[in-house]
Amino acid sequence: MLQLGDGLACCSAVFVAVLLVSRSAVWPAAVTASLYVLVATFRFPQVPAGRAQQVLRPSRLSAGVSVIAHRGGGHDAPENTIAAIREASQNGAAAVELDLEFTADGVPVLMHDETVDRTTNGSGALSKLRFSELSQLDAAAKHRLSDKFRGAKIPTLHEAVEECIKLQLIIYFDVKGHPDEAATALKKLYEKHPVLYNSSIVCSFEPKVIYRMRQADPAVVTALTHRPWSLSHFGDGTPRFSSLWKKSFYQVLDVLLDWAHHHVLWNLCGVSAFLVQKNFVSIDYVQYWANRGVEVVAWTTNSAVEKQYFQSLLKINYITDSLKEDCSPHY
């Protein structure tokens with residue numbers, strides 16, 4: 001069933017909203033009861049806590065906290081490449097966060113952006129390029145250490161996973177979209193490599209992606225990713241829209257999304273972790289999720305002071321662009 005606190009908050013909000021419109025207690029009661037039954041019926045339970053802990057808190061970690069290399073550690077090596085995965089392992093990462101996207105011919109590959117312009121010597125939308133075209137690009141062309149990693153390729157999802165398994169790295173699959181395609185590709189991957197059930201987690205900003213993944217394979221450990229004000233502002237905090245009405249409209253949507261993430265969507269999807277932008281993480285926030293059996297993972301943590309705070313005081317996993325030095329965030 002729903003967590004009592006979240007169920008009451010959700011039902012109370014719906015009841016009041018419908019009551020304001022209908023001015024009658026009958027319709028609010030009916031709608032609220034229907035919503036509760038719907039969510040309770042179609043929600044996915046969390047995977048067993050013991051198995052989620054194997055992924056989020058591997059017993060081999062002496063500090064008990066996983067340091068996760070963002071995009072494989074995009075500051076230390078070209079992001080989302082085999083070179084980055086190897087570099088992260090050498091630098092002491094317990095896990096790597098890898099972005100899943102698809103080429104024009106449906107090949108699952110590692111790529112964060114919708115285009116190849118920012119990270120490679122190529123140009124164009126990923127959805128318009130076939131894998132044979134991607135394989136010709138230099139994924140290190142725009143990196144600060146391009147000379148050291150010259151010739152790095154955009155890897156397929158399968159190549160990256162096999163490398164992570166070989167290096168015994170936990171994998172955080174960050175799914176950018178394409179719920180059906182991603183669920184199908186990942187399900188096949190889990191069937192081929194059962195070790196992934198205890199060494200990986202599927203994450204996304206989009207609840208539909210996580211829900212579809214749980215439908216395809218309920219045994220997979222999953223997480224929702226969240227950044228407050230993400231609809232109205234970019235990652236660096238600048239507004240997405242100059243128009244006042246658009247800015248206001250999307251800020252309202254942000255409030256609703258934030259409420260839904262914290263009271264409904266996490267429960268509907270049955271997630272085991274909640275990945276949240278570092279500036280919004282506190283002791284109380286970690287406790288809020290701990291009461292629901294959910295681990296908090298902070299991102300993106302790029303200074304020694306922040307890392308010490310999350311590791312020693314909050315004792316939570318964190319995602320970083322570099323395991324070697326302080327650096328600016330990679331949006």
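## The main core

A nonpolar core is a set of buried Ala, Val, Leu, Ile, Met, Phe, Trp, Tyr and Cys residues whose side-chain atoms link up within 4.5 Å. Keep in mind that you're looking at a predicted model. Its largest nonpolar core has 56 residues, and the ones touching the most other members are Phe-173, Leu-186, Val-202 and Val-281.

In soluble globular proteins, nonpolar side chains tend to be buried together.

## Zooming in on Val-202

Which residues is Val-202 in contact with, leaving aside neighbours within four places in sequence? The list includes Phe-173, Val-175, Leu-186 and Tyr-190, and also Ile-210, Met-213 and Val-220.

## Strand S4, covered on both sides

Now take a look at strand S4 (residues 170-175), where six of six residues are buried. Both of its faces are covered: one side has Ile-170, Tyr-172 and Asp-174, while the other has Ile-171, Phe-173 and Val-175.

## The strands beside S4

S4 runs parallel to strand S2 (residues 95-102), and six bridges join the two. Across from Phe-173 in S4 you'll find Leu-98.

S4 also pairs with strand S5 (residues 200-204), again in the parallel sense, over four bridges. Here Tyr-172 has Ile-201 of S5 as its bridge partner. To get from S4 to S5, the chain passes through H8, making a right-handed β-α-β crossover.

Technical notes
Residues numbered from 1 in each chain as written. Predicted model: local features only at pLDDT ≥ 70, side-chain atom pairs only at ≥ 80, totals over all residues. Heavy atoms only, no water. Buried < 20%, exposed > 50% of the residue type's maximum accessible area, 1.4 Å probe, protein only. Contact = heavy atoms within 4.5 Å. Pairing = 2+ DSSP bridges. Right-handed = clockwise from strand over helix to strand, strands pointing away.
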